[in-house]
2 protein chains.
Amino acid sequence: MARVVVDVMPKQEILDPQGQAVAGALPRLGFDGISEVRQGKRFELEVADSVDDETLAKIAETMLANPVIEDWTVRRVDS
Amino acid sequence: MARVVVDVMPKQEILDPQGQAVAGALPRLGFDGISEVRQGKRFELEVADSVDDETLAKIAETMLANPVIEDWTVRRVDS
């Protein structure tokens with residue numbers, strides 16, 4: 001078994017209202033110095049050793065990310 | 001400016017219906033060998049150099065994660 005992490009973030013040119021809401025709330029709560037917040041998703045998968053990188057890339061592109069508005073990375077990590 | 005990544009994941013003992021939905025859909029779409037999927041959140045913050053680690057830890061705990069049901073990590077990355 002391997003552990004795979006897929007990080008999915010809104011593309012830089014896409015508005016991110018969730019992140020903007022957090023960024024707007026921080027100064028009101030006394031936290032200064034945070035100029036930008038972007039919010040995305042993180043998936044952790046438990047994957048059989050027989051699953052190859054090409055399959056993982058396809059899963060990320062078709063199931064976990066929306067390629068129109070999101071960028072994503074796939075990486076295997078030590079479990 | 002520094003870039004800070006905060007990863008927020010549901011605690012291991014907490015049910016994760018979003019992740020389970022993805023895990024259940026994968027075999028139906030022809031992707032086998034994925035035994036577990038957990039879905040969390042990833043935040044990317046642009047932070048002034050004056051913001052110390054203690055402040056970042058507090059922001060993560062109070063604004064980005066729900067400590068009752070989520071675990072989180074804070075790390076500075078090269079921007």
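## The interface between chain A and chain B

Asp7(B) and Arg42(A) form a salt bridge, with the closest N and O atoms 3.0 Å apart. A salt bridge here is a side-chain nitrogen of Lys or Arg within 4 Å of a carboxyl oxygen of Asp or Glu. Between chain A and chain B the count is two salt bridges.

This is a predicted model, in which local features need pLDDT of at least 70, side-chain atom pairs count only at pLDDT 80 or more, and totals for chains, interfaces and linings use all residues. Residues are numbered from 1 along each chain as its sequence is written, chains are lettered from A and ligands numbered from 1 in the order in which they are written, and side-chain values use heavy atoms, with hydrogens and water left out.

**Symmetry.** A rotation of 180° with 0.0 Å of shift along its axis places chain A on chain B, with an RMSD of 0.0 Å. That is the relation of a two-fold axis. The superposition is by least squares on the C-alpha atoms of residues with pLDDT of at least 70 in both copies. In chain A, Lys41(A) comes closest to the rotation axis, at 2.1 Å (C-alpha). Both copies use the same surface: 100% of the contact residues of chain A recur in chain B.

**Extent.** Chain A gives 33 residues to the contact and chain B gives 33 residues. Contact means heavy atoms within 4.5 Å. The two chains bury about 2700 Å² between them, 67% of it on carbon and sulfur atoms. Buried area is the accessible area (1.4 Å probe) lost on putting two parts together, summed over both. Phe31(A), Arg42(A) and Met63(A) supply 21% of the area that chain A buries against chain B, more than any other three residues.

**Helix packing.** Helices are DSSP runs (H or I, at least four residues), numbered from the N terminus. Axes are lines fitted to C-alpha atoms over the stretch in contact, and angles run from 0 to 180 degrees between N-to-C directions.

| Helix pair | Axes | Angle |
|---|---|---|
| α2(A), residues 53–64, and α1(B), residues 17–28 | within 12 Å | roughly 115° |
| α1(A), residues 17–28, and α2(B), residues 53–64 | 12 Å apart | about 115° |

From α2(A), the contact residues are Ile59(A), Met63(A) and Leu64(A); from α1(B), they are Val22(B), Ala25(B) and Leu26(B). In the other pair, Val22(A), Ala25(A) and Leu26(A) of α1(A) meet Ile59(B), Met63(B) and Leu64(B) of α2(B).

Conventions: Helix = DSSP H or I, 4+ residues; strand = E, 2+ residues; numbered from the N terminus.
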